[in-house]
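Subject: The two-chain model to look through

Dear colleague,

I am passing on the structure that you will be working with, and below it I have written out what was found. Please keep it open beside this message while you read.

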Amino acid sequence: MKGRAILTGEHFMHGDHACTEGAIAAGCRFFAGYPITPSTEIAERMAQRLPEVGGVFIQMEDEIASILAIIGASAAGTRAMSATSGPGFSLMMENIGLAVMMEIPIVIVDVQRGSPSTGLPTLPGQADVMQARWGSHGDYAIAAYAPWSPQEMFDLTVLAFNVADRFRIPVMVMSDEVVGHMVERVVIPPEEQIPRWERKRPTVPPENGFRPFLAEDDDLVPPLAHAGEGYRVHFTGLTHDERGYPDMSAETHHRLVTRLVEKVRRNADAMIRYEGYGLEDAKIVVISYGCTARSARRAIGQARAAGIPAGLLRLISLWPFPEKPLRELARQAEAFIVAEMNLGQMICEVERYVAQPVIGVNHAGGAMIPPAPILEAIEEVATRGARIGRRKASAG
Amino acid sequence: MRREIRIAGFGGQGVVLAGYILGKAFALYEGMEAVMTQSYGPEARGGASSSNVVISDEPIDYPFVLEPDVLIALSQEAYTRFRPTARPDALLIIEEDLVTPLESDRALRVPATRLAEELGRRIVANIVTLGYFTAATGWLRRESVEKAIENTLPARIVPLNLNAFARGYEYALAGERVL
């Protein structure tokens, strides 16, 4: 039966379902995954929705097979996605590197739960954010987004596909159990208002010696020939030359890996997203993301009501990290507070860019950090100054 | 103004569906902000389960119910477990035949299961209760919940559920309106 691909209109929608609808609205027609709490509802809805729109859903034997299946589907020209949580995300790590090396666009959703290991299957965490950046071996770069609402589960999944396709990289949607399992208003726009960034495609015919890894443009992105179109294309995880053939020389290796990393650096402005609340005159800047940013927004509202000049920089893209707004805020702020549901991960990134004291409000996960400990940190900085060092993780 | 509503009962009474329909009515047809959350995990099966709706005229930051302004209890276990979480002066709506409230509590009583059985299906007791809530609080228009029912449930069971909603609504109107 044919169903509508884009459910234009206002919905009261579950976060995981909004992610699924974002993917389908973005044109995703292939999902391979191994259902795992709290991302299961994404797979479940994909299994129902993809056949309605002419797509394919496959439940794989594990997450290693899942990521390889979506890499294959994407190489054949289809927008493809998988969704998982911590344990499955760990299993995908090796082949994130494969997608990076072969420059195959894929989208992976990680609905984070309490970790490490099997941890807290039904409860939230935000402790996979460094893994998203560095979990596979070697030097590489990717993009990752942290939605704070079901609406952003939709919007950022669309963006993830666009960034993946435009720059030929894996893109992660780093959600969390709170946002994944929350039901809230989601507005799905009409088809013509859903942005679509296309893959760069070959402009020469197959017989004219197409070199699939030759990046001639300033953006360092080579055009992508899909399997079955007549181009002779060799994909490998081995270091390869511009023809795609293995080349075990240090020179080729350095050139390739440098381009893969530089490709993301050079195009970072197109990928970076953030949002500010009350930053204009902020002396105390809270930095947060995902569900924790909801509490942080409440806390800065309460602080402002009490006359404390606090503001919130909400990271929407975790990777590439929004360093420019942070550097600008470093000119006016007296202290930074990083609130995150882990024992201190993105705080390391913040500390790289600012000279001011950086104070962490941390919790190992299992329950969303409420506004109170963030407000307390703001008040402490406001009354006693910022020299209190990193706060110890407190059981909330 | 932020308000918190907790709907609790035992598994199978449809408290999650009731919370979803209520949240949808506020979010899509009343121009309010609304968030629904529910408990996940082994404790949600059997025993007391709950769905939670936060409504506000401003964006809702913290999405969870902390101290409900309204507790709707459809089972004794749910009442016993969740009564202490609610404000001392919370509005309490109880399933009259299934819950005996504390003597100190002044609760609104609705025989939701019995009213549902009169309509032929006890499974709609949750929607009867929504009708009662809607009339008793006056927090949202009857039409908003009716629209949410129509746009959530499969067409073949919409008439039954609209009847159930009307039955609870009218039961409340015939009795004491407290807010």
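Two residues are said to be in contact if their C-beta atoms, placed from the backbone, lie within 7 Å. Please also bear in mind that this is a predicted model.

The axes of α1(B) and α5(B), the latter being residues 142-150, come within 8 Å and cross at roughly 115°. Since angles of 65 to 115 degrees count as roughly perpendicular, α1(B) and α5(B) are therefore described as roughly perpendicular to each other. The crossing in which α1(B) passes α5(B) is right-handed.

How do β9(A) and β2(B) pair, parallel or antiparallel? They pair in the antiparallel sense, over two bridges, and Val183(A) stands opposite Met36(B) in β2(B). In general, the strands of a sheet pair through backbone hydrogen bonds.

These two strands belong to an open sheet of eight strands with mixed pairing, in the order β1(A)-β9(A)-β2(B)-β3(B)-β1(B)-β4(B)-β5(B)-β6(B). At the edges stand β1 (9-14) of chain A and β6 (108-110) of chain B, each with a single partner strand, so one side of each is left without a neighbour in the sheet. From one strand to the next, the twist averages 25°. Within chain B, β1 (residues 3-10) and β4 (residues 70-73) pair in the parallel sense over four bridges, with Ile7(B) opposite Ile72(B) in β4(B).

Finally, helix α1 of chain A, residues 15-25, lies across β1 and β9 of chain A and runs at about 130° to β1(A). Helix α6 of chain A, residues 150-167, packs on the sheet and touches β1 and β9 of chain A, its direction making about 40° with that of β9(A).

Technical notes:
Residues are numbered from 1 along each chain as its sequence is written. Chains are lettered from A and ligands numbered from 1 in the order in which they are written. This is a predicted model: local features need pLDDT of at least 70, side-chain atom pairs count only at pLDDT 80 or more; totals for chains, interfaces and linings use all residues. Two strands pair if DSSP finds at least two bridges between them. Axes are lines fitted to C-alpha atoms, for helices over the stretch in contact, and angles run from 0 to 180 degrees between N-to-C directions. Angles under 35 degrees count as roughly parallel, over 145 as roughly antiparallel, 65 to 115 as roughly perpendicular and the rest as oblique. A crossing is left-handed if the near helix is turned anticlockwise from the far one by less than a right angle, and right-handed if clockwise.
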